[in-house]
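Look at the structure first, then read on.

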Amino acid sequence: MSSHAPSLASMKSAIDPVLEVPAAPSKARKVTVRLLLGLAALLIVGVLTWQGVTAHGSPDPTAQGTGRASAILDIGVLVFREGLECILVLSAIMANMGAGKAEFRRPIIIGSSTGAVATIITWFVAVGILSDLSGNVSALNLQAGTGLLAVVVLLVVMNWFFHKMYWGGWISLHNRKKRELISEAKETDGSRARMLWGLGLVGFSSFYREGFEVVLFLQSYRLKMGTGMVMAGLALGLFFTAIVAVLNFIAHRKLPYRKMLVLTGVLLGFVLLVMVGEQVNEMQLANWLGSHDIGWLKPFAPDWAGVWFGFYPNWEGLVGQGLAFIIVVGSYFLQRRLSRTGEDELSELAP
């Protein structure tokens with residue numbers, strides 16, 4: 001194994017402090033979690049009720065302009081998931097920075113705020129690039145291309161092995177960099193300035209990495225359904241992320257990050273299967289892929305099944321969804337197997 005790769009012990013020490021679920025949660029914490037879940041449930045019920053009422057109780061998902069509510073929820077879940085990971089990293093970095101170390105927290109906060117501004121700028125850059133491409137590329141080809149990019153981003157987000165290394169290696173790297181900058185800082189202006197700039201870059205990279213992924217993912221939805229729908233989903237995700245941020249950084253609550261990440265992971269797994277089905281269909285419409293229908297499956301796959309669930313009765317779509325499922329589930333079991341192997345090796349080396 002490379003000496004640069006994070007060891008299992010260092011990964012565990014970097015992850016555990018911020019992923020740990022308290023053994024005996026207080027009554028106030030239980031009430032807070034239940035309140036958040038209740039708000040989420042009410043929001044979902046409200047959206048579905050609004051859609052049903054506006055469609056006179058029987059919404060037709062194949063009609064023009066429908067599917068907006070589900071798309072907004074999909075975007076909200078992804079933004080919330082990325083927001084959780086950003087909070088997770090920032091919590092690990094600022095874990096031991098109390099009131100006496102406010103000078104160390106300030107550049108990290110400024111850096112993450114700069115990352116937010118950079119994310120907004122990246123959004124407009126991406127929109128401008130796609131607008132220029134729309135003059136030379138057909139709408140179907142452009143949607144197929146951006147949709148493929150969105151699927152790739154979502155596969156990375158859903159890759160358990162990647163995130164095991166990310167939670168351990170990425171957090172460990174940031175913590176190590178933070179410790180080096182603080183320990184090397186002296187009273188001279190030069191080294192102090194270097195420390196402040198370094199901590200600012202740590203905060204910037206923590207935020208911008210997640211923001212960049214979100215920007216790439218949202219371009220496909222923007223081309224399909226417009227900026228308004230994307231902004232609604234973004235606002236939903238940021239709303240729940242803000243609640244978690246307030247509880248974590250202001251109220252100093254220990255939240256069950258592990259359970260929250262697993263729950264959003266399950267929801268994103270469903271979103272991934274729907275997106276892969278839709279993406280294969282778009283590639284077929286753009287003549288990127290052929291279409292081989294499954295005759296016996298057609299009676300069980302009405303038009304609304306494709307609009308709502310990305311389920312189309314052809315081999316290409318089902319194979320694509322199957323491969324996505326195998327990649328996500330396979331990476332999960334691979335990560336578990338490698339974790340067990342690493343623990344066994346450590347136990348054998350122990351005296």
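Helices are DSSP runs of H or I with at least four residues, numbered from the N terminus. Val79 lies in one of them, helix H3. This is a predicted model, where local features need pLDDT of at least 70, side-chain atom pairs count only at pLDDT 80 or more, and totals for chains, interfaces and linings use all residues. Residues are numbered from 1 along each chain as its sequence is written, and side-chain values use heavy atoms, without hydrogens and water.

**Two residues**

Buried means under 20% relative accessible area (1.4 Å probe, protein chains only). Val79 counts as buried because its relative accessibility is 5%. Gly306 is buried too, with a relative accessible area of 2%. Gly306 lies in helix H10, residues 303-309.

Contact means heavy atoms within 4.5 Å. Leaving aside neighbours within four places in sequence, Val79 is in contact with Val214, Leu234, Gly237, Leu238 and Thr241.

| C-alpha pair | Apart along the chain | Separation |
|---|---|---|
| Val79 and Val215 | 136 residues | 9.8 Å |
| Gly306 and Val274 | 32 residues | 8.6 Å |

**The pocket**

On a 1 Å grid over the protein atoms alone, a pocket is an open set of points where a 1.4 Å probe fits, with protein on both sides within 12 Å along at least five of seven lines; lining residues have an atom within 4 Å of a point. Of the 31 residues that line the second largest pocket, the closest to its centre are Cys86, Ala116, Phe207, Leu238 and Thr241. Which helix gives the largest share of the lining? H4 does, with 10 residues.

Notes
Helix = DSSP H or I, 4+ residues; strand = E, 2+ residues; numbered from the N terminus. Buried < 20%, exposed > 50% of the residue type's maximum accessible area, 1.4 Å probe, protein only.
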